[in-house]
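Biologist: I am new to this structure and would like a close look at one part of it. Please start with how the parts of one chain sit against each other, and then go on to what lies around them.

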Amino acid sequence: MAGYVLRRLLVALPTLLLAAASVFFLMRLVPGDPALLILGDAATPEAVADLRAALGLDRPLPVQFLLWLERVAAGDFGRSITNGEAVGPLLLDRFAVTAPVVLAAVGAAALLAVPFGMLAAWKQDSLADVATVTVATLLLSMPSFWLGLILLLVFGLWLGWVPVVGWVPFAEDPWRALHAILLPVVTLALVEAGVLIRMARASTVEVLRLDYVAHARAKGVPEGRVLARHVFPNAFAPTLTLIGLVLGNLLGGIAVMETVFTLPGLGRLLVDAIFARDYPVIQGVMLFIAAIYVLVNLAVDLLYPVFDPRVTAD
Amino acid sequence: MSAAVLRVEALSVAAGAQRVVNGLSFALAPGEALALVGESGSGKSASARAVIRLLPPGLRQVAGRILLGEEDLAAASARRLRQLRGPGIGMVFQEPMTSLNPAHTVGAQIEEGLALHTRLTRAQRRDACVAMLERVGIAGAATRLAAFPHEFSGGMRQRIMLASVMLLRPRLLIADEPTTALDTLTQAEVLDLMKALAREQGSALLLITHDLGLVARYADRALVMQAGRTVEEGPAAQLLARPSADYTRALVAALPRRGPARPPRPPAPPLIEARDLLVTFPGRGAWLRRAPPVEAVRGVSLAIQPGEVVALVGGSGSGKTTFGRALLRLAPIAGGTLRFRGAEVTRLSGSALLPFRLACQVVFQDPYGSLDPRMRVRDIVAEPLRLPAGLPPRQRIARAEAMLEEVGLGGIGDRFPHALSGGQRQRVAIARALVRDPALVVADEAVSALDATVRKQVLALLADLQRRRGFACLFITHDLGVVEEIADRVLVMHQGRMVEEGERDAVLDRPRHDYTRALLAAAPRPPRLAPLVGN
């Protein structure tokens, strides 16, 4: 098992390297000179050249790439061009905002979606089923920012239950921090629950048709136990894969949501950095996102055999 | 018959407004074995499901009574039904690949019923499971309890399911096509075991089957169903020997019967010749430490003459399908040579292989998976005529229509495959294979998925087309009945090797290899109907 994890991590390295290379070179294709951006229109050509030299921008691209890679390998993501902050700690700071929101939202979505999806499948074609599917379809076709704005309007502005803007670190005031992330979590959870409900329902419908479910019932197994023991593990496996993909996606940044709810998260950092042509930050964020994706999917792959022993870790 | 284990009285089951079972009545005495026989759509499975009160969604019982002993099951509460399922009625299902839960060990699944229905301690339950697994022939039962279903073969899984059902000593055992997915030899082993267990425990047996051949061997009485209605009921032997209803007579007539042997053909250069053909698949295993390759076909030689019909027989995993694919260059050939019309084709590719591809065609087993659901029947049949280019579309369609006519499907070229029955689809597949007049057709279990009467028709069609068009045919099958019907020559494969080869009558009547003998002994044929010896 430990060997398998290690091997999977090793296999992930080329993926990350590829991601790093594409991020680096794609960024260089974007028009606009960071030195010019920092110094403004009035800068003399000499000043721009000096700054380019200082930032290392005057060297050949492959050299720039290798130098950057070398530093990254040592844990040094460089410094932001715009404000000189170290990118590494900056990433972690922003991730600390995004991660709790996303984890809570995906967790809530899964806890909501799997039981509802399974029940809908169990009661297939009943009123409850149709209602569940309708709500799920509504949820997944709703843009997250729109739902977010509506929730803000109702619960923030009209009812005043939660703050409309602002983010408070947990360390500072856990209670107020919870209030601040409540709406983003609910919004994300609802939107993602739509997809997960449909997935859980579809795979449950498939499993319910199989002989081993009939076999369990034919042995006199009570219905609740049939669902919990014979249907759930088999129906949950495909949903788990989807949860992994969703989680990877969202952890990589929820820029729109963070903008709506004014959260200083990873997505916002990336968008701001793109506008400022802040190469070190963009590269750092992108690489960080790729790493998260690889790790989340690895975690899902490792969890999979728990539900489907046909997939073994060895 | 007051002591009957099960009495079904005027049972009707409906899907919407349509009755799939209509007025079915029968009784089953303790220890008796009754076969419900019928083709697809006869309502036999729905009847079985109604008895154990597990009708699939959409079906419901609309009339009749089902009495287990003196208890009406239709009136029983859900709680009472749960008590009865297991010790009262046990059920064995058809599909070994899905009848055990892949997420739990077989031990946990066998034990589940005992935990629900008995007061045995954990240790006692475990002992009972081990004893039962040993009884059904699982070697090393004590250690195999912790294994998962995917670690067992199909036949083993059916044994395990049987163990989990029989452990509760049911008064009534329902077996719904329990061996349809298994090969002949495994089928006989599982059914023999089931019969023996039922006898030991005094369970009455309700056997649902489409195969009249099984009835004589495993049932005391048989009830023939067609379109939801009872056609005929009686002692099994009598029903087979002197069927009184027309439909039963048709079913009996559809049992495989040996046709007259064709005169031996003058020696001719072989159309296709395989020499020491070797097919391997990469072994599975850890990263960078691959297991050695699996040898699916281990040096098989075969020559087929033009116009010859050769049957290739073997059980699951014998390598017969892989060999058939290798012969068509559809599976990678790792060793040996393949010659077609005297020229070697073993390593040809691209356009050099095209003449071979065009001359050799294939009919697959699954009539549902082998036709593109988005193409019309006419276009499916016309498609092989696209190569080599040059034939105008109008002529392609005309030839496809003529071919469809020839397989008895004139006028349905407009339809899509989903609108056809299984037998019709297989005719389309045959038309597609024959439309460009191939020299060789490989038919891989081409009639295995069909009902008996339909199978008979499709086989007759194939034999007729073969006589008229004169193509050579390799018929891959696990069913010796098919061999009797159409083969000139028989090859028997076992574990990747050819173990026997010869003229049909010689192989069937005087088998030399033990495996062939076992296969023949296991074949579900009523002995009186299929004369084993020509005289």
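Modeller: In this predicted model, the centres of domain 1 and domain 2 of chain B, taken over C-alpha atoms, are 34 Å apart. Domain 1 of chain B covers residues 6-253, and domain 2 of chain B covers residues 272-521. Where the two meet, domain 1 of chain B puts 11 residues into the contact and domain 2 of chain B puts in 10 residues. On the domain 1 side, two helices of chain B, α7 (184-201) and α10 (246-253), each supply at least two residues. Of the elements on that side, α7(B) gives the most, with three residues. Sorted by class, the domain 1 side of this contact holds four nonpolar, five polar and two charged residues.

The mean pLDDT of chain B is 88, and 96% of its residues reach 70 or more. Residues 527-535 of chain B are a stretch where pLDDT stays under 50, and the model has 13 contacts for them beyond four places in sequence.

Chain B also touches chain A. That contact takes 27 residues from chain B and 21 residues from chain A. On the chain A side, α9 (211-218) and α10 (223-251) of chain A each supply at least two residues. The largest share of the chain A side comes from α9(A), with six residues. By class, the chain A side consists of nine nonpolar, five polar and seven charged residues. For the complex, the predictor gives an ipTM of 0.78 and a pTM of 0.79.

The axes of α9(A) and α10(A) are 10 Å apart, at an angle of about 150°, and the crossing of α9(A) and α10(A) is right-handed. From α9(A), Tyr212(A), Val213(A), Ala216(A) and Arg217(A) meet Val226(A), His230(A) and Val231(A) of α10(A). This contact of α9(A) with α10(A) has five nonpolar residues, one polar and one charged.

The C-alpha atoms of chain A fill a box of roughly 85 × 55 × 35 Å along the principal axes. The mean pLDDT of chain A is 86, with 98% of its residues at 70 or more. Within chain A, helix α2 (residues 34-39) has the lowest confidence, at a mean of 74, and helix α6 (residues 127-141) has the highest, at 93.

From α7(A) the contact takes Ser144(A), Leu147(A), Gly148(A), Leu151(A), Leu152(A), Phe155(A) and Gly156(A), and from α8(A) it takes Leu183(A), Val186(A), Thr187(A), Leu188(A), Leu190(A) and Val191(A). The contact of α7(A) with α8(A) has nine nonpolar residues, four polar and no charged ones.

Notes: Residues are numbered from 1 along each chain as its sequence is written. Chains are lettered from A and ligands numbered from 1 in the order in which they are written. This is a predicted model: local features need pLDDT of at least 70, side-chain atom pairs count only at pLDDT 80 or more; totals for chains, interfaces and linings use all residues. Two residues are in contact if their C-beta atoms, placed from the backbone, lie within 7 Å. Helices (H or I, at least four residues) and strands (E, at least two) are DSSP runs, numbered from the N terminus. Ala, Val, Leu, Ile, Met, Phe, Trp, Tyr, Cys and Pro count as nonpolar, Asp, Glu, Lys and Arg as charged, and the others, Gly among them, as polar. Domain bounds come from an automatic or database domain assignment. pLDDT is the predictor's confidence in each residue, from 0 to 100. Axes are lines fitted to C-alpha atoms, for helices over the stretch in contact, and angles run from 0 to 180 degrees between N-to-C directions. A crossing is left-handed if the near helix is turned anticlockwise from the far one by less than a right angle, and right-handed if clockwise.
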